[in-house]
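Here's a quick briefing to read with the model open in your viewer. Have a look at the fold first, then work through the notes below.

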Amino acid sequence: LISRCKIILLAIVIAAATTLGAVMARRGQKPTQVSVSSKTQWIKMLLRELTNGEQLDDPGSPQHKALKWLTEEDSFELSTEDTWDALQRYALATFFFATGGHLGDSVGRNWNNTLRFLSAQHVCQWNVNVQYETLSGMTKNHGVSCSVGNTVDAVVIPENNVSRSLPSEIGL
């Protein structure tokens, strides 16, 4: 019952994120390409609207770890045309680090299966081919599931040693 409640809560939060994406798309700003050298600055500019600056600057925080991964280690190609993709990658990476997914976790807890999180693939591929049935009868994979338009609509991680609190970024 608790796992089902967590899944439902997470689905609601991600639905709110979808709404934010639509609002951001209506701002009317024209996308531009960014150079590799300005990738960090562009991403920090995006994230400062979502995350407390102190959290981004604190090396021990999940937010800082996600920012560092996104700007220094992630090989997925992003441009300023990919604002929504960048925000989704950051939110899910923050979730990963905040809930014990990182293998170097000092608490000693790790996810049993990383479900392709932090891979060079699009976030919609951060899952494994183990399916579950939703309350509405649809089938989805364990991990990240997306709707049309590559928008995350669910994150399902049953029995995977997920621990701690959900970060606010998961709700964008």
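Let's start with a helix pair: helix 2 (residues 39-47) packs against helix 4 (residues 62-73) at an angle of about 150 degrees, and their axes are 9 Å apart. Keep in mind that this is a predicted model. The chain has five helices and three strands, and from the N terminus on they run α-α-α-α-α-β-β-β.

**Helix 2 against helix 4**

- Angles over 145 degrees count as roughly antiparallel, and helix 2 and helix 4 are therefore roughly antiparallel to each other.
- The crossing of helix 2 past helix 4 is right-handed.
- On the helix 2 side you'll find K39, T40, I43, K44 and L47, and they meet L67, L70 and T71 in helix 4.
- Sorted by class, the residues of this helix 2 and helix 4 contact come out as four nonpolar, two polar and two charged.

**Helix 2 against helix 5**

- Helix 2 also packs on helix 5: the two axes come within 11 Å and cross at roughly 75 degrees.
- An angle from 65 to 115 degrees counts as roughly perpendicular, so that's the label for helix 2 and helix 5.
- W42, L46 and L47 of helix 2 make this contact with T83, A86, L87 and Y90 of helix 5.
- The class tally for helix 2 with helix 5 is six nonpolar, one polar and no charged residues.

**Aromatic pairs and the cluster**

- How many aromatic pairs does a search of the whole structure find? The search turns up eight.
- Take F96 and W111: their ring centres are 4.9 Å apart and their planes sit at 80 degrees, so this pair is edge-to-face. The cut-off behind that label is an angle over 60 degrees.
- F96 belongs to helix 5 (residues 83-98), while W111 is in the loop between helix 5 and strand 1 (127-133), so the pair ties together parts that are 15 residues apart in sequence.
- Are F96 and W111 buried or exposed? F96 is buried, with a relative accessible area of 4%, and W111 is buried with a value of 4% too.
- Next up are F117 and W126, with ring centres 5.2 Å apart and planes at 40 degrees, so this pair is tilted.
- Zoom out and you get one aromatic cluster, formed by W69, F95, F96, F97, W111, F117 and W126.

**Around the strands**

- S145 is in strand 2 (residues 139-147) and is buried, with a relative accessible area of 8%.
- Which residues does S145 touch, not counting those up to four places away in sequence? They are K140, T151, V152, D153 and A154.
- S145 and V123 are 22 residues apart along the chain, with their C-alpha atoms separated by 8.6 Å.
- T139 is found in strand 2 too, but T139 is partly exposed, with a relative accessible area of 49%.
- Leaving aside neighbours within four places in sequence, T139 is in contact with Q131, Y132 and E133.

**After strand 3**

- S163 is in the segment after strand 3 (151-156) and counts as buried at 11% relative accessibility.

- The chain has 172 residues, and 44% of them count as buried.
- If you take contacts between residues at least 6 apart in sequence, 61% of them join residues at least 24 apart.

Notes:
Residues numbered from 1 in each chain as written. Predicted model: local features only at pLDDT ≥ 70, side-chain atom pairs only at ≥ 80, totals over all residues. Heavy atoms only, no water. Phe/Tyr/Trp six-rings, centres within 6.5 Å; stacked < 30°, edge-to-face > 60°. Helix = DSSP H or I, 4+ residues; strand = E, 2+ residues; numbered from the N terminus. Buried < 20%, exposed > 50% of the residue type's maximum accessible area, 1.4 Å probe, protein only. Axes fitted to C-alpha atoms, helices over the stretch in contact; angles between N-to-C directions. Parallel < 35°, antiparallel > 145°, perpendicular 65-115°, else oblique. Left-handed = near helix turned anticlockwise from the far one by under 90°. Contact = heavy atoms within 4.5 Å. Nonpolar A, V, L, I, M, F, W, Y, C, P; charged D, E, K, R; others polar.
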